[in-house]
Amino acid sequence: MTVVTVEELRKRVEASFGQVLDDLVALVRIPSVSADSFDQTRLHASAEAVAGLLEGVGVSAVISSAPAPSGKPGRPAVLGRRDGADGAPVVLLYAHHDVQPAGELDGWDQEDPFEPVVRGGRMYARGSADDKAGVVAHVGALRVLGDELRVGVRCFIEGEEEVGSPSFSPFLRQHHADLGADVIVVLDSTNWKVGIPALTTSLRGLAECQVEVRVLEHALHSGMYGGPVIDATTLMCRLLATLHDENGDLAVAGLLGREAAPVDYPEEDFRADAAVVDGYRLAGTGSLPSRLWTRPAIGIVGFDATSVARRSNTIAPTCRAALSLRVAPGQEPAEAYEALRSHLQAHAPFGARVTVTPGELGPAFLAAGETAMTGLAHWALTTAWGAQSVEIGVGGSIPFIADLAREFPDAEILVTGIEDPDTRAHSGNESVHLEELRNAVLAEALLLARLSGTLEG
Ligand SMILES: [Zn+2]
């Protein structure tokens, strides 16, 4: 059995990094936009290019798709397989090869968002980071391992992440036997900042609903009836105001939350990132990362009341609002919805009729905690970057991660990535920091070698 040292792997990654960049340029030049209104033949070209890259590093690859539950055909994904030594663990590598549309061209400093431009140590192009960097990092890591690669490798390079992965679950079921693994490495998240790697250990879920407040069977003259009858818009405002206490913490019984791992996020950085107006006091108590990642949040995302332009001097009989509840990792979205529903009905102002209609539910994700595998992942990231890796949460959801967890309950899921706060995924001037990409290749090579038992020391 051949073994390899950390320094030897570092040298190999440096020597082969030009190839990683060439791979990235070739993939980025294929505008594999998955949105319906774009030419879907480019997705096939991109899937074929990805399959070629995998074959080039000894992974046999096929292109496949499954129909979504709606019956619509799924977009092409690339499945890769390389058998490992007897008894060695199996690692599933995930990334996606589809991209967002380029958007308005004036958001870009370059003429063609699909023609990469390198400046200031970053490569600018649509998909350069999200998530073609993930694809070439997997390939780059496999390339630098020869006989030292003893784990079994499975690859799942999805083609429809940017349109919400509609056929993800059917695809996983169809290919369950091909994709089963002990560890799943997802390269589609962000690092903490340039120079500081991160594992994403929690994602919030989602529970949406609509609430209607009704006070009258029909509108009434506000002069004749105003006083004893308060309009539904005011009643709705009173109802919604019960959701938070005076500190801005949620006041809904039954919603769970937890403390986030300690990460330094100075308030002034958050204020700048969020462009908060001067004088606004940040809501809630507890650490900022907890409020952003591991505790629930409720926002009113839609509101139907009579517009100012169309007003008449009447008492509004009804008012409707759409609520978005970001569910803390560790709580089922259906349970969180139920807590919100019963709060809204229990707080009906003046006994007005409150009707709650459920909307979309999306599960949260919470990594297994401190395990041997997360310890290994932190070691690989820290060694590759030369800086201690941290654990972060993401306040939004990545629905496919919950699908992976549901389909492969025994596999450990490691979520990391190559983005940084300046990446601007989905926006104009998307870019990848090339040193971060090189570190990500090395980190994955270190992890695979360690899991193979072929890393010296
Ligand atoms: Zn992505």
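Q: Let's start with Y94. Buried or exposed?

A: Y94 counts as buried, at 1% relative accessibility. Keep in mind that this is a predicted model.

Q: How many aromatic pairs does a search of the whole structure find?

A: Nine aromatic pairs. One of them is Y94 with F156, an edge-to-face pair because the planes are at 80°, with ring centres 5.8 Å apart.

Q: Where do Y94 and F156 sit in the chain?

A: Y94 is in strand β3, residues 90-96, and F156 is in strand β6, residues 152-158. The pair links distant parts of the chain, 62 residues apart.

Q: And F156, what's its relative accessible area?

A: F156 has 2%, so it is buried.

Q: What is the geometry between the rings of F156 and F171?

A: The F156 and F171 rings are stacked, because their planes are at 5°, and the centres are 4.9 Å apart. F171 is buried, as is F156.

Q: Which residues form the aromatic cluster with Y94?

A: F156, F168, F171 and F400 form one aromatic cluster with Y94.

Q: OK, switching to charges. How many salt bridges does the structure hold?

A: The structure holds 19 salt bridges. Among them is E148 with R12, where the closest N and O atoms are 3.1 Å apart.

Q: Which parts does the E148 and R12 pair tie together?

A: E148 lies in the loop between α3 (132-144) and β6, while R12 is in helix α1, residues 6-28, so the pair ties together parts that are 136 residues apart in sequence.

Q: E148, buried or exposed?

A: E148 is buried, with a relative accessible area of 7%.

Q: What about E267, which residue does it form a salt bridge with?

A: E267 forms a salt bridge with R271, and the closest N and O atoms are 3.3 Å apart. Both residues lie in helix α8, four residues apart, about one turn of the helix. E267 is partly exposed at 39% relative accessible area, and R271 also counts as partly exposed, at 23%.

Q: Where are D304 and R320?

A: D304 is in strand β11, residues 297-304, and R320 is in strand β13, residues 318-327. They are 16 residues apart in the chain. A salt bridge joins D304 to R320, with the closest N and O atoms 2.7 Å apart.

Q: How accessible are D304 and R320?

A: D304 is partly exposed, with a relative accessible area of 42%. R320 counts as partly exposed at 36%.

Q: Which residues are linked in a network of salt bridges?

A: D36, K72, R75 and E160 are linked in such a network.

Q: Last topic, the surface. Which residues form the negative patch?

A: D264, E268, D269 and D273 form a negative surface patch.

Q: Where is D269 found?

A: D269 is in helix α8, which covers residues 267-274. The E267 and R271 pair lies in helix α8 as well.

Terms used
Residues numbered from 1 in each chain as written. Predicted model: local features only at pLDDT ≥ 70, side-chain atom pairs only at ≥ 80, totals over all residues. Heavy atoms only, no water. Patch = residues over 30% accessible without salt bridge, like charges linked within 9 Å, V, L, I, M, F, W, Y side chains within 5 Å. Areas by Shrake-Rupley, 256 points an atom, 1.4 Å probe, with all protein chains shown as cover. Salt bridge = Lys/Arg side-chain N within 4 Å of Asp/Glu carboxyl O. Lys, Arg positive; Asp, Glu negative; His and termini not counted. Charge placed at Lys NZ, Arg CZ, Asp CG, Glu CD. Helix = DSSP H or I, 4+ residues; strand = E, 2+ residues; numbered from the N terminus. Phe/Tyr/Trp six-rings, centres within 6.5 Å; stacked < 30°, edge-to-face > 60°. Buried < 20%, exposed > 50% of the residue type's maximum accessible area, 1.4 Å probe, protein only.
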